[in-house]
Structure formats: structure tokens, C-alpha cells
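Please open the model in your viewer and keep the sequence panel beside it. The stops below say what to select next and what is there.

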Amino acid sequence: MIIKIDMNSDTPVYRQITNQILLGAASGKIKPGEKLPTVRNLAADIGVNPMTVSKAYSELKSGGIILADGRKGAVLNPSAEASCLLAEEFEKQALRLALSAKEGGISKDAVTKIFNDAAKRVYEGKGEL
Amino acid sequence: MYGIFVLLIIWACCVIMTAALLTASRRGSRILGISFAKDSGKLKEAQALLKSYRIKAVAAAVIFAAVSALALTKPAKGFADLFLAVLLVLFIAAQNVLWVSARKKLQALGGEAESENRVEVDLTVSAEKGKGSVPAVIVWVFFALSFAPAAVSAAFEEYRSALYIAISVSAVLCQLIFTLIYYQMRRLPARLVSDDIETARIIARRTEKIQTAGAAVNAFLSLVFWIAVYIAAAFHYSAAFLFFPAFPVAIAVNAVVSSQLLNKLETEYSDRAKEARSSGATVKFGCYYNPDDPRVFVPKAIESMGWTINLATKTGKTIFATIWIFVAAVIAVVACLSLMGFEVKTEGDTLIIDAPFYGESVSRGDITGIELTEDLPPAVRTNGYGGSEKSYGHFSVEGYGDCLLYAYNDVDEFIVISTGRKDAPCIFINDESADETEKLYAELCEWYENDKN
């Protein structure tokens, strides 16, 4: 799976890494049990401090999304429990997004359409993020 | 001999740097880190610009080599070290200007600068990083072998007189640098040149193998070089010096071979269409500048060329300023040491040797004898300055131990002042010519005899 990091974005780099691995797991682009790069390797490839990647991995590990094993790297948590945690995390994020859309004056139909389009793009491969 | 040796080292730096720039200047359809579509008509114009850049880069190297040879001439001898230091800084600056201006022309031609602030990473490829490398144990064996000169000198007394501490330490430090370069090659960011995972994986592994093999070969060449230096110095085998120019040539050939292999790999496998990207990044003083990018260290567009500093950050500015203050300080110290000489004078009961950083004064009572000699035993610098015209500071002199030496290199006559001091049992001094040295000797003898009377 290819992750894209925008250094000019207002979203911190560690958050971009977390979000994209979460999306990759949700869309099936990263399979349960699949090996992820070590913190040092991913940091070298992105060109950031290893602490940044470590922060992203810590967040994913505390959410039960990945299983990290020191220098050996990390794998996507293959257990069913992890899928539940992933779904929980997704639900929380979706609620936050819907709430901010409502506060921003976006209608319910528009929000539904945006979510549907996003799901279509990710699950049916009709475009990238 | 010293001047030629320094010049050879400077030329070696020049050859290696020029070879690195020339070989890194093209990777497939990327020219100086600027991408052109393979089927684009502009690629041919870009190739012409690349050719022009390469000619200018080689011309700059040839001019530098020719001008630096002036350091061996008589008028330049007094300030040869300063001259070479300034010339080297100017050469690096000139190569940087040529590189940046060629990149600007390529961008004006319509090429896309590989944006350093939008990064794409294939997690599968990144997870396999290190698997295609040449085993690290090889470079560590070379590193262990670099201790050989020091070990031989320490173990066998007959070679201890030729214990060149500077050579032994330099060999180890140099080998350590090549070991670190090997790891740097292993950790280079893997570029995405194919959307197909299997192809991307193959390219990443092969790239890693070529880069780490190149680094291992360089480490081996460095080991051979330092062992040759040690043999030449310890056994006074001057013919070994003829081998030295082969070292930069071999490093340059290795760089060219590695580059050709990488180029071939990318040309054969790359199938990824380049995306047009907008980048807020610019170049200032030869460094990356992007106020929107929070990173301090940013990988260069051409991975094998290492990292650059983001000058838009406070830390980046501080690092940049520190590096240039350090360079300026080195040049100032070299200027001070090479332009200022040493002066020997007497004031009352004290003999004063006035020299930058290594001045010394000896009271008449401490002196046990003064004599003139034309036979200075082999001396090795332990803490001092060794220039093309003069040398001074602390030297280990065979048969005398740790001594102070203030010498004009071309003058064979020396005044030997014996003292009762443990830190400097002998002081060796001469003047700009044999006649001046004899005159100084007469003055010192008269001053010393006055005490006895």
C-alpha cells in the first residue's frame, strides 16, 4: 500500500501516517497480519525523525490496530478484536466529522453523499485520496 | 614532498567530488533531480543541457587542479596552505552554483522538480528495507583490519620509531566514515518507480544491493589506501606513493559503475508516470527552503546525494550558520599559522620563541647546552602545525623524545637547545636560511655564554 505524506499540510505528519494506515486497514489494502515497516525504515523513507513515526505507531498500538514488536517492526493486528477496535475508531471519527459538518451548515443529504462517495472511491478503487 | 602529498589529497577530493556529481546527475529520465516524461520531446533538450553542465563541471575541476598546482611555486610557498584551503572552498561553491543554475534551466524547460515536500512510500517495499543489502559484516571486517597499522606498531618495537600516530588514527577514522556511509546507503529512501508491488520490490532490492555493494567496495579501497600509506611511511618505501593517485581514480570508477547500474535499472523497470506537483520549495544558498515544511533535514531529490537542511527553519539557519562559522574559523586558523611565522628573541634571562598557538619561553638557567647540527633525526608531529614552508609545535624526535620544533622545512641546519625540562628536553630551531641559522646560533651562544661569565 502506498501512503502519501504532505509536509505542507496542517495535519501533523504522525496523524497523516496514523490515518492512512487506518484507512489502509479499513479498505483491506493492508491485510490482517501483514508486516509494516520498522519505525527507522519508515522514518528514513518518509524523511522524518523516527520519533514522528514512533508516535504514530504508539497511537495505533494503543488503539489495538497494530502489534508492535520493538526492532522487528509491527504487524496489522490479525485478531477479530482488532477489527472491532478499528470499527469503533472509525465510528468515532465518522461521528466527529458528521458533527463538524452539521456545525458548518452542511445538510444531512450532502454529508451522506460525501460519505458514500468516499466509500466508493476507497472500496471500488475509483480514485485516490 | 609534503607539498606534493597535500596537493594529491586535494586533487583526490576534487576527482571524487566531480565524479560523484557527474554520476548522480542522471538517473533514467531524471536529470539533476528534475523529471521529464520519457516520450517528451523536451528530454533531448534536457540532455543537451546536461551535457553542457557536465562539461562546465569538468572544466571547473580542471581549472581548480591547474590553479592549485601554483601552491608548489616559490612565490606561493609561504601561504600555500591558506591558498589551497580558500581554493577548495571556492571550488565547492562553484560546483554548487553550476548545479543550481543547471537545475533552474531544466525547470524552465518544463521539467518537474521532484517535490521534497510531498512524499510517497510503499509500505511493502519499506518493510523489506535491508534485505537486499550486501552483508554489513564485510564493512565491519574492513573496519577491524584498519587497526592493523596501529597494532603492528604497538606490537613490534622495530616499527615503533615509525609509529605514525596520525596515520594510524586517520586510517581508523576514515574506515569508520566509510562504514557509516554503508549504513547511510542502506537507509536511503526507496523511490517509487513502479505502481506494481512486485516490480517496486525488485527495484528496491536491486537498488539497495548496488548502493551497498558500492559502499563496501569504497570501504575496501580505503583500507588498501591506508595500508599502502603506512607501508610507504614505516618502511620509507617511496614508490608506494605512486599508488596514491590510483585511490581517487578507483573510487571514481566505482561511482561511475554503480551509477550506470542504477541508471540501467531505472530505465528498464520504471513505468510510473510522473505527477505534476506544485511545490512551495525553493533553493537558497544551495539549500532547500520551504517555510511550510516543518522538517529540518530533508532528503535531496537525488537520494544518493544525501540530505539537505531546510533553511526556512530556525534550527536549519542555526546549523547552516554554525557550519560556515566553522569553515571560516578553520580558514582563519590556517591563515594565522601559515602567514605568521615564528620569531626567536632574548629578553634578559629569558629566551622567547614567539609563534601562534605554540609560543614558548625558556629561562637561561634551564638551558644545559646549545649546539648546531645538520642532522635532524626523523621527527613525527604530535601536536603542532606542519605547513609547506614551515613546521612548529610539539614533535616526537627519534632519540630525543617529545621536543619542541620550530623549523623552516627547506633549511637543513638546526640549533639544538637542550633543557632540563621534562616537557621539552630539546628545542630545535632554525631560520629562513642556513646563513641566518648560523647567525642566530652565534647570537644565542653569546647570550648563553654571558650567563657563565
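Which residue in S5(B) is the bridge partner of Asp6(A)? Select Asp6(A) in this predicted model, and you will find that its bridge partner in S5(B) is Arg118(B).

Next, select the contact between the two chains, where 21 residues of chain B are in contact with 20 residues of chain A. On the side of chain B that touches chain A, at least two residues each are supplied by strand S5 (118-122), helix H4 (123-127) and strand S8 (297-299) of chain B. The largest share of that side, five residues, comes from S5(B). If you colour the residues of this side of chain B by type, they divide into nine nonpolar, four polar and eight charged. The scores of the model are ipTM 0.71 and pTM 0.61.

Now show chain A by itself, which has five helices and four strands, running from the N terminus on in the order β-α-β-α-α-β-β-α-α. Of its 129 residues, 29% count as buried. Among contacts in chain A between residues at least 6 apart in sequence, 51% join residues at least 24 apart.

Within chain A, select helix H1, residues 13-27, which has 15 residues and reaches 21 Å from its first C-alpha to its last, close to the 21 Å expected at 1.5 Å a residue. Among the buried residues of H1(A) are Val13(A), Ile17(A), Ile21(A), Leu22(A) and Ala25(A), and also Gln16(A) and Gln20(A). Step just past the end of H1(A) to Gly28(A), which takes a positive phi of about 85°.

Move to chain B and select Arg206(B), which is found in helix H9, residues 197-234 of that chain. Is Arg206(B) buried or partly exposed? Arg206(B) counts as partly exposed because it has 17 C-beta neighbours inside 10 Å, where 20 or more would be needed for a buried residue. Leaving aside residues up to four places away in sequence, Arg206(B) touches Gly132(B) and Leu265(B). Arg206(B) and Lys131(B) are 75 residues apart in sequence, and their C-alpha atoms are 9.9 Å apart in space.

Finally, colour chain B by pLDDT, for which the mean is 80, with 87% of its residues reaching 70 or more. Confidence in chain B is highest in helix H5, residues 136-145, at 93, and lowest in strand S4, residues 112-113, at a mean of 62. Then select residues 273-278 of chain B, over which pLDDT stays under 50 and for which the model has seven contacts beyond four places in sequence. Where pLDDT is low, the predicted coordinates should not be read in detail.

Key: Residues numbered from 1 in each chain as written. Chains lettered and ligands numbered in written order. Predicted model: local features only at pLDDT ≥ 70, side-chain atom pairs only at ≥ 80, totals over all residues. Expected span 1.5 Å × (residues − 1). Buried ≥ 20, exposed ≤ 12 C-beta atoms within 10 Å, placed from the backbone. pLDDT = per-residue confidence, 0-100. Nonpolar A, V, L, I, M, F, W, Y, C, P; charged D, E, K, R; others polar. Pairing = 2+ DSSP bridges.
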